[in-house]
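Here is a short report on one protein model. Keep the sequence and the structure in view while you read.

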Amino acid sequence: MESEQQLQMYRSIWTTVWQEKGFELEPSARPLDQVIVFNEEGMAVGTFELTLYRERSCKLEEVAPFAEQPEVMDAPEQVAEVDKVALLKDHRGHNIDRLLSSLVHYSRKHGIMHLACLLEPVFARALRVSFHIPMRKVGKKTFYKGDDVIPTLIHAGEVWQNPAKFDWLIPEQEQVEEYSTPARC
């Protein structure tokens with residue numbers, strides 16, 4: 001993060017949400033970026049973290065065979081692991097599009113086609129049913145670090161290459177500024 005204040009804001013949001021949900025708190029070793037998502041009024045309401053996919057050091061491999069997926073095998077440099085996805089309780093429903101739009105814009109800027117993640121089942125259903133996110137399960141539902149998760153590849157490239165198909169996608173120029181800088185934790 002650019003400043004200690006931003007880093008504290010980022011940590012405060014994701015740890016608040018994860019503690020509320022009963023998830024195990026686990027700091028990341030070497031994230032690529034840590035992003036704070038802001039609502040329309042400029043209030044920090046959410047976070048996500050991205051790490052370049054590395055099969056040997058990827059904890060996701062303990063849960064499902066991400067490395068065996070064709071998308072990952074063909075272009076691992078276009079895959080990022082998403083973690084620390086969090087929206088503060090009072091800001092969830094009406095800011096999911098903002099969080100998803102931030103993920104898509106980040107992916108486009110950095111040439112990321114696929115996002116490897118462990119999704120909470122209710123959130124996975126919302127992404128599939130309400131937002132029509134192009135994604136694919138890569139393993140069965142599993143209990144992992146405090147909750148059931150569904151190992152999933154989100155095809156972010158399909159969204160940023162076809163923005164007109166996704167009415168929830170907020171154009172980048174309309175997004176309230178978000179901080180997305182290399183983490184130095």
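Ile13 counts as buried because its relative accessibility is 5%. Buried means under 20% relative accessible area, exposed means over 50%, and partly exposed lies in between (1.4 Å probe, protein chains only). Ile13 sits in helix 1. Helices (H or I, at least four residues) and strands (E, at least two) are DSSP runs, numbered from the N terminus.

Which residues does Ile13 contact, leaving aside its neighbours within four places in sequence? They are Ile36, Ala44, Val45, Gly46, Thr47, Ala86 and Leu88. Contact means heavy atoms within 4.5 Å. Ile13 and Leu87 are 74 residues apart in sequence, yet their C-alpha atoms are 7.5 Å apart in space.

## About the model

This is a predicted model: local features need pLDDT of at least 70, side-chain atom pairs count only at pLDDT 80 or more, and totals for chains, interfaces and linings use all residues. Residues are numbered from 1 along each chain as its sequence is written, and side-chain values use heavy atoms, with hydrogens and water left out.

## Overall build

The protein has five helices and eight strands. From the N terminus on, their order is α-β-β-α-β-α-β-α-β-β-β-α-β. Of the 185 residues in the protein, 47% are buried.

Take the contacts between residues at least 6 apart in sequence: 71% of them join residues at least 24 apart. The accessible surface of the protein comes to about 9700 Å². Carbon and sulfur atoms hold 50% of that surface. Accessible areas come from the Shrake-Rupley method with a 1.4 Å probe; for residues, only the protein chains shown count as cover.

## Helix 1

Helix 1 covers residues 4–21, which is 18 residues. At 1.5 Å a residue, helix 1 should span 26 Å, and its end C-alpha atoms are 26 Å apart, which agrees. The expected span is 1.5 Å times one less than the number of residues. Just after helix 1, Gly22 takes a positive phi of about 85°.

Where do the buried residues of helix 1 lie around the axis? The buried residues are Gln6, Leu7, Tyr10, Ile13, Trp14, Val17 and Trp18. They cover an arc of only 135° around the axis, so they lie on the same side of helix 1. The arc is that of the directions from the helix axis to the C-beta atoms. Glu4, Gln5 and Gln19 are exposed on the other side of helix 1. An α-helix has 3.6 residues a turn, so residues three or four places apart point the same way.

## Two buried polar residues

Glu71 is found in helix 2 (residues 70–74). Glu71 counts as buried because its relative accessibility is 17%. Its side chain makes a polar contact with the side chain of Arg136, at 2.7 Å. A polar contact is a pair of N or O atoms within 3.5 Å; within protein, one must be able to donate a hydrogen and the other to accept it, and residues adjacent in sequence count only if both atoms are side-chain atoms. Not counting residues up to four places away in sequence, Glu71 touches Val79, His114, Arg136, Leu153 and His155.

His105 belongs to helix 3 (residues 96–109). With 9% relative accessibility, His105 counts as buried.

## Positive phi values

Most residues other than glycine have a negative phi. Lys84 has a positive phi, near 55°. Lys84 is in strand 3 (residues 79–87). Its relative accessibility is 1%, so Lys84 counts as buried.

His132 also has a positive phi, near 55°. His132 lies in the loop between helix 4 (121–129) and strand 5 (135–137). Is His132 buried or exposed? His132 counts as exposed because its relative accessibility is 57%.

## Aromatic pairs

The structure holds two aromatic pairs. Phe131 and Trp168 form one that is edge-to-face, 6.0 Å centre to centre with 80° between the planes. This pair links distant parts of the chain, 37 residues apart. Phe131 is in the loop between helix 4 and strand 5, and Trp168 is in the loop between helix 5 (156–161) and strand 8 (179–182). Rings of Phe, Tyr and Trp (its six-membered ring) pair if their centres lie within 6.5 Å; planes under 30 degrees apart count as stacked, over 60 as edge-to-face and the rest as tilted.

Phe131 and Trp168 are both buried. Ring pairs link Phe131, Phe166 and Trp168 into a cluster.
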